[in-house]
Amino acid sequence: MPAQPAAGHTGAHLGGLAQQVIPQQEARTAVETTAVLPYARSRASSRTRWVRAWMMTLPIDVAALTTPLLLTQTYWRGMLAYATLAVAILWSGGHYRPRRHVSILDELPSLGGRLLASAAVVAIIAAQRHSSVEYVSEFMRDVALSAGLIIVGRTVSRTLIVFVRKHRWVEHNAVIIGSGPTGLELARLLRRHPRYGLRFVGCVDAASRQETGALPLSGGLNDLEHLVRLLECEVLIIADPDCSESVLMETLLRPGSSRCDLWAVPGLWGSRSQGGYPDHIGAIPIVKIDDVTFSGPRWAIKRASDIVFAAVALVVLSPVLLLCAIATFLDGGRGVLFQQERVGRYGKPFKVIKFRSMRPLDEQESQTRWSIADDERVSPIGRFMRRTSLDELPQLWNILRGDMSVVGPRPERPHFVEQFSARYPNYAARHRVPVGLTGLAQVSGLRGDTPISDRARFDNYYIENWSLWLDIKVILRTVAEVLRAGGR
């Protein structure tokens, strides 16, 4: 018979075995309970999909800033100026941006500093316009009252926002991109804490995580656009997807998914958000990614500026356009204007209008000839117009029609778009916005025979960092280029 182990040894062996088995059972239980399932959407939230937090915050701020006008109308001009300036500074500081963790204590330092800066500007102007110390002191008391009411109003609005979120009266469907541990924890937090205003409805990731992901998948990355429509998704959260950045960007830039609000968990934990104070879901830091395409207020501002600029330029430059047309006619006869197919926003083709600088042999040459800079068929007049970019002035009409923008990526022909998109992963991303009469790449010296990868990099930088001032800078640099004839 085999020797029996001693009782003490048996107990120690069983104890060690139990220590090995129990963690395995706990691990299996944890894996079995990781399935975070969406819950039914409330009737109220189905009717409030359009509601955003700033719709409550902004009116309360305006009411607080203008309340002193109910007490006295002596300083109504100054109070209106202060209210406008304060709202503008708060808006630029991200105080009307969406936030997941809402707390007046988080935003109080930034809020107080911006209100103080607004009050200081108004105080300096008031002191310059009115020499009476009594007048200025009374006015500043009203300014201080409105600033205090802003803080009170913000406290009320933040309390109301958290209240309606907790009761699921306002919530937005969210899909998590990434099925790793971070994605799993986010799903659990959204399921457990409705105060963040998001309802977890699914998860997508690369096919490589179909079996290994901690969070069950609703589909792959290629299914994201379909799931956005099917699940009425309004928010996408990038956690830790198992894919390259180029693949992820290609997925996010599709028309269906690009309309969603985009949030991301920073790759480096502890990163601060651009809004001036950090945002988070539970203990997971999260940042709001600005629109990857021009949409909403940003698109309205850009489109309005394009219309104004193009209309004014057509009127002011009409004598120049007439001279160019006459010169082109005298140089080569009829056919002053030349139309060529180019690829615009979302890959849609359109006809770009230019002054003719030479006549191609046929349509095939027009579509596939890369550069005519050294072509002997280009006349001296045509060469001058190309070097000064005067041949592109008719594109102002394309801008008015909405085919183009004043500033944007260079419009390219379909033949080359197909080639470059296949060769350079980030090239197709330029088409998420309208193409432009001029652009950051062009004024940075990337014209003619220059690397396409560099052009795409500059174009995507422009899109991701767009501002009205950036457009103005590009236009000013374009004027400088034209004056020194720096064209092709």
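Q: Which residue lies over the face of tryptophan 299?
A: In this predicted model, the ring of tryptophan 299 has a side chain placed over its face, at 4.9 Å from the ring centre. The residue in that place is arginine 345.

Q: Which residues of helix H17 are buried, and which are exposed on the other side?
A: Helix H17 covers residues 414-423. Its buried residues include Phe416, Val417 and Phe420. They cover an arc of only 105° around the axis, which puts them on the same side of H17. On the other side, the exposed residues are Glu418 and Ala422.

Q: How are the rings of phenylalanine 416 and phenylalanine 420 arranged, stacked or edge-to-face?
A: Phenylalanine 416 and phenylalanine 420 both belong to helix H17 and are four residues apart, about one turn of the helix. Their ring centres are 6.0 Å apart, with 25° between the planes. Planes under 30 degrees apart count as stacked, and this aromatic pair is accordingly stacked.

Q: Why is the pair of phenylalanine 420 and tyrosine 427 edge-to-face?
A: Both partners are buried: phenylalanine 420 has a relative accessibility of 6%, and tyrosine 427 has a relative accessible area of 3%. The centres of the rings of phenylalanine 420 and tyrosine 427 are 5.4 Å apart. The pair is edge-to-face because the planes stand at 70°.

Q: Is serine 179 buried or exposed?
A: Serine 179 is placed in the loop between strand S1 (172-177) and helix H8 (181-192). Leaving aside residues up to four places away in sequence, serine 179 touches Cys203, Asp205, Arg209, Gly213, Ala214, Leu215, Leu217 and Asp240. Its relative accessibility is 0%, so serine 179 counts as buried.

Q: How far apart in space are histidine 101 and arginine 195, C-alpha to C-alpha?
A: Histidine 101 is in the loop between helix H5 (76-92) and helix H6 (104-129), and at 15% relative accessibility it counts as buried. Among the residues that histidine 101 touches are Arg195, Tyr196 and His280. Although histidine 101 and arginine 195 are 94 residues apart in sequence, their C-alpha atoms are separated in space by 7.8 Å.

Q: Which parts of the chain does the salt bridge of arginine 432 and glutamate 464 link?
A: The side chains of arginine 432 and glutamate 464 meet at 2.9 Å, N to O. This pair links distant parts of the chain, 32 residues apart: the loop between H17 and strand S11 (436-438), and helix H19.

Q: Is arginine 457 buried or exposed?
A: Arginine 457 forms a salt bridge with aspartate 454, with the closest N and O atoms 2.8 Å apart. Both residues lie in helix H19, three residues apart, about one turn of the helix. Aspartate 454 is partly exposed, with a relative accessible area of 27%, whereas arginine 457, at 53% relative accessibility, counts as exposed.

Q: How far apart are the end C-alpha atoms of residues 307-330?
A: The unreviewed UniProt entry annotates residues 50-69, 75-94 and 307-330 as "transmembrane region". In the model, residues 75-94 are 85% helix and 0% strand, with end C-alpha atoms 29 Å apart. Residues 307-330 are 96% helix and 0% strand, and the distance between their end C-alpha atoms is 32 Å.

Terms used. Residues numbered from 1 in each chain as written. Predicted model: local features only at pLDDT ≥ 70, side-chain atom pairs only at ≥ 80, totals over all residues. Heavy atoms only, no water. Buried < 20%, exposed > 50% of the residue type's maximum accessible area, 1.4 Å probe, protein only. Helix = DSSP H or I, 4+ residues; strand = E, 2+ residues; numbered from the N terminus. Arc of directions from axis to C-beta. Contact = heavy atoms within 4.5 Å. Phe/Tyr/Trp six-rings, centres within 6.5 Å; stacked < 30°, edge-to-face > 60°. Lys NZ or Arg CZ within 6 Å of the ring centre and 35° of its normal. UniProt positions renumbered as here; feature names shortened; annotations may be inferred. Salt bridge = Lys/Arg side-chain N within 4 Å of Asp/Glu carboxyl O.
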